[in-house]
Amino acid sequence: MSPIHDIINFAVRTYLQYYETSEQASLLRADASFAAEPTKDLMIGVLERFRSLVNEEITTQVYFMKRRRNQEHSIIYRLPPELLVEIILATDPTSRSSSSFRTFTGVSKYWFDAIVQCPRIWSLVDLSAEPQSRKMEMTRRLCGLVEVQCKSDPFGLDRSLTELAGLNPPRLRSLVCVLSRKTEALLSFFQDRSSNIVDLAITTDIRETPERRFDLGTDGPSLCHVDMRKVALPWTSPRLSQLRTLTLENLKKDVPSINDLYNVLTSSPALLRLRLRYIDIAGQEGPEVLTPIDRPIPLPELRHLEFYHVPSIIPNTLVPLICSHSCQYLEVGLREWAPLEPNEGTLDLIISSVVTQSTLFIRISDAEGTPYVSLTSYPRVARDVWGDWDDHNTGIAVKVLACSADGPWGLFDELVSGLQAADWNPKDLQLSLDATQNASDTDTVLPLICNFIASFPTVTELKFTLPTLLSVCFVLRFLEGGTAGMSTPLPKLTSIDLRQATVFYDQEELENGVRSFLERRYPLHHPAAADAPPEVSPLARIFVPHLVAEKLRCAWPTTSLSRKEVLNNWRPM
């Protein structure tokens, strides 16, 4: 029994013995020894302290009893150790620091035993961690594969390398490090042991370190994950096969040729992510680059494809050959801002990326008389995924030439048929359309836009930017519906945005166009005829320039929409 237990038991027993009857208990109120005020204050302090001690002990006992109940009866404490470990690893898969695991070990003895005995949890050696954390890591690291990380200045690098040298070389599986003057020894250490590396992520301090090269050993297993930034590899190495992820960034000198990239991709059928950013192949447009490459590149598991600020020869050569229906992120931002050339493979990648989104921004433009279509969809998560093999970004950002015999119509027909075949019918879709002055023509582009809109009746929010008032009125008249034998377009539409690029229009004409749209699409009384248009969802909000909003506020159209409800959601520009 603890001292506090003895004190409380003695105090409670004495108190009850002294005041065991109501008559005795009343003595405290009439006891002559408490006649003076200081003695009363003293007694009050003693009683309050006594109450505090009792409350403290009760709180402690309640805590330990709840903890014992949880440990002996809660389901989480009866999980098999291997399942508990999977849950702990899933809490933050990108940050497996020993400090966070030390926190988990304090939950219970069961958790402590499960964590300290799991080699996977202690597979990370963080050379940037404090010495106390690294000491615990090395103490627990008795077996299993090891990943070495150094994302900032290391603590005691020489001692850490001595400890790593004591490990069996095949256990050194992964290296994730920032290369700087202070980590040169680390790079040399792994350069001599590169035949054991499977996962490799190296970047440099952009400010002070020139472009480097990491020479892989000729012997050893194929690499699994590669993320090299301003660091080159021997691009013809047979170990650059069977890859799962490949990221190359900031390479200007020792860069892979088109043939090198092609060979890597064709030998990595299980590739999940390909990211090429800021790659310069200037001076490589020789015979090797111009060698015909036409065999397809099947990548059935590809989820992420990104080409950013690279010469157009790279995506225009490789993208058409990639066969994948699982891509969820597609971004092509070429250094020359040249659009992609459309073909079956490119359209498959576009469609598989679009169907993961509920928002699509379409821009029809032209460059030097050649029309092209920009497709953008958010959320595109702009985050650094260096050293993170599990990247779940989704979205699309591409430009595609509309160079078929039918111009944009041919491209849009293929997009519509592909998206409909993929069952692209989200419940809440915001569709944004934009057309530039040169590409927007009432006879061609506007019917094309309207046809695309009508192909997806689940659209609920519509925002479009058109260069002329005539274009705006054309789309509004299309949305009014009422054409014999045709249903009203977008029956679930609840929001429409007309603000962008409309402030310089004739405000009165725009007001008349909006008024006509509201009165015809949402008439005060629907006709009772059999061929009456189908019911449409009431419009919840419309976004127009401020002057138009004020005029409509003063003279509300003759419509079934409630002025109070709609105007409460009106957002003037």
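## A buried charged pair

Glu 249 and Arg 277 are both buried (under 20% relative accessible area; exposed means over 50%, partly exposed in between, with a 1.4 Å probe and protein chains only). This is a predicted model, in which local features need pLDDT of at least 70 and side-chain atom pairs count only at pLDDT 80 or more, while totals for chains, interfaces and linings use all residues. Residues are numbered from 1 along each chain as its sequence is written, and side-chain values use heavy atoms, with hydrogens and water left out.

The two residues form a salt bridge, with 3.6 Å between the closest N and O atoms. The term stands for a side-chain nitrogen of Lys or Arg within 4 Å of a carboxyl oxygen of Asp or Glu. Glu 249 sits in strand β8 (residues 245-251) and Arg 277 in strand β9, so the pair ties together parts that are 28 residues apart in sequence. Helices (H or I, at least four residues) and strands (E, at least two) are DSSP runs, numbered from the N terminus.

## Salt bridges elsewhere

The whole structure holds 14 salt bridges. A network of them links Asp 227, Arg 229, Glu 249, Arg 275, Arg 277 and Glu 306.

Another salt bridge joins the side chains of Glu 480 and Arg 520, at 3.5 Å from N to O. Glu 480 belongs to helix α17 (residues 469-480) and Arg 520 to helix α18 (residues 507-521), so this pair ties together parts that are 40 residues apart in sequence. Glu 480 is buried, at 6% relative accessible area. Arg 520 is exposed, at 57%.

Arg 553 and Glu 550 also form a salt bridge, with their closest N and O atoms 3.8 Å apart. Both lie in helix α19 (residues 546-554), three residues apart, which separates them by about one helical turn. An α-helix has 3.6 residues a turn, so residues three or four places apart point the same way. Arg 553 is partly exposed at 34% relative accessibility. Glu 550 is partly exposed too, with a relative accessible area of 30%.

## Ser 268 and helix α11

Ser 268 lies in the loop between α11 (258-266) and β9 (273-279). Ser 268 is buried, with a relative accessible area of 1%. Its side chain reaches the backbone nitrogen of Gln 242 at 3.2 Å. A polar atom of that side chain also lies 2.9 Å from the backbone oxygen of Val 264. Beyond neighbours within four places in sequence, Ser 268 is in contact (heavy atoms within 4.5 Å) with Ser 241, Gln 242, Leu 243 and Leu 299.

Helix α11 is mostly covered, with seven of its nine residues buried. Among them are Tyr 262, Val 264 and Leu 265.

## Leu 462 in strand β18

Leu 462 is part of strand β18 (residues 459-465). Leu 462 is buried, at 2% relative accessible area. Ser 495 is 33 residues from Leu 462 in sequence, yet their C-alpha atoms are 6.1 Å apart in space.

## A nonpolar surface patch

Ile 76, Leu 83 and Ile 87 make a nonpolar surface patch of about 220 Å². Patches are made of residues with over 30% relative accessible area and no salt bridge; like charges are joined within 9 Å, and nonpolar side chains (Val, Leu, Ile, Met, Phe, Trp, Tyr) within 5 Å. Accessible areas come from the Shrake-Rupley method with a 1.4 Å probe, and for residues only the protein chains shown count as cover. Ile 87 is in helix α5 (residues 81-91). Ile 87 is partly exposed, at 39% relative accessibility.

Methods:
A polar contact is a pair of N or O atoms within 3.5 Å; within protein, one must be able to donate a hydrogen and the other to accept it, and residues adjacent in sequence count only if both atoms are side-chain atoms.
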